[in-house]
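Please keep the sequence and the model in view while reading.

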Amino acid sequence: MPELFRRNSLLLTVVGLMIVSGQLMSLSIQHPGLPRAGASFLGAVMSPFELMHHELTASVKRGWDHYIYLQNVETERMELGARVRELESQNSRLTEFEHENKRFKELLNYQERWKLT
């Protein structure tokens with residue numbers, strides 16, 4: 001007999017659920033307020049699990065968004081580093097041009113002074 005139950009467990013489960021479903025439908029027809037009370041009870045029982053599920057999925061989403069944001073920050077950091085090196089090089093060249101310009105002006109002033117005398 002236990003062998004029969006093991007082999008046909010799926011069929012027996014389906015038949016059992018259909019019988020329970022039929023009984024619940026019959027009971028809800030006789031007492032129309034019962035489904036609302038059952039729904040309220042089920043809602044009260046499931047509410048903590050729903051809240052936990054919502055918090056978990058929101059937390060995972062925030063973590064994923066933060067990870068994506070950090071990937072973008074890393075890319076931006078690398079681009080800005082390259083830009084800083086480029087600007088430092090340009091600044092160095094401009095500083096050299098300033099010094100050279102100043103020397104040329106001093107030489108020009110020196111030359112002008114010697115022409116006047």
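## Lys61 and Asp65

Lys61 forms a salt bridge with Asp65, with 2.9 Å between the closest N and O atoms; the term stands for a side-chain nitrogen of Lys or Arg within 4 Å of a carboxyl oxygen of Asp or Glu. The two residues are four apart in helix H3, so about one helical turn separates Lys61 from Asp65. Helices (H or I, at least four residues) and strands (E, at least two) are DSSP runs, numbered from the N terminus.

Lys61 is exposed, at a relative accessible area of 52%, whereas Asp65, at 38%, counts as partly exposed. In these terms, buried means under 20% relative accessible area, exposed over 50%, and partly exposed in between, with a 1.4 Å probe and protein chains only.

## Basis of the model

The model is predicted, so local features need pLDDT of at least 70 and side-chain atom pairs count only at pLDDT 80 or more, while totals for chains, interfaces and linings use all residues. Residues are numbered from 1 along each chain as its sequence is written, and side-chain values use heavy atoms, with hydrogens and water left out.

## The other salt bridges

By the rule given above, the count comes to three salt bridges. One of them joins Arg77 to Glu74, whose closest N and O atoms lie 2.9 Å apart; both residues belong to helix H3, three residues apart, about one turn of the helix. Arg77 is exposed, with a relative accessible area of 51%, and Glu74 is partly exposed, with 35%.

Glu86 forms a salt bridge with Arg83, and here the closest N and O atoms are 3.0 Å apart. These two residues also lie in helix H3, at a spacing of three residues, or about one turn of the helix. Glu86 counts as partly exposed at 46% relative accessibility, and Arg83 counts as partly exposed at 42%.

## An aromatic pair

A search of the whole structure finds one aromatic pair. The ring centres of Trp64 and Tyr67 are 5.6 Å apart and their planes meet at 35°, so the pair is tilted.

Trp64 and Tyr67 are both part of helix H3, three residues apart, about one turn of the helix. Trp64 is exposed, with a relative accessible area of 53%, while Tyr67 is partly exposed, with 43%.

## A nonpolar surface patch

Phe41, Leu42, Val45, Met46, Phe49 and Met52 form a nonpolar patch on the surface, together having about 630 Å² of accessible area. Patches are made of residues with over 30% relative accessible area and no salt bridge, where like charges are joined within 9 Å and nonpolar side chains (Val, Leu, Ile, Met, Phe, Trp, Tyr) within 5 Å. Met46 is found in helix H3 (residues 34-116) and is partly exposed, with a relative accessible area of 35%.

## The chain as a whole

The secondary structure of the protein chain comes to three helices and zero strands. Its radius of gyration is 41 Å, well over the 13 Å that the globule rule gives for 117 residues, so the protein chain is more spread out than a compact globule; the radius is taken over C-alpha atoms, and the rule is 2.2 Å times the number of residues to the power 0.38. Along the principal axes, the C-alpha atoms fill a box of roughly 130 × 40 × 15 Å.

Buried residues make up 1% of the 117 residues in the protein chain.

Technical notes: Areas by Shrake-Rupley, 256 points an atom, 1.4 Å probe, with all protein chains shown as cover. Phe/Tyr/Trp six-rings, centres within 6.5 Å; stacked < 30°, edge-to-face > 60°.
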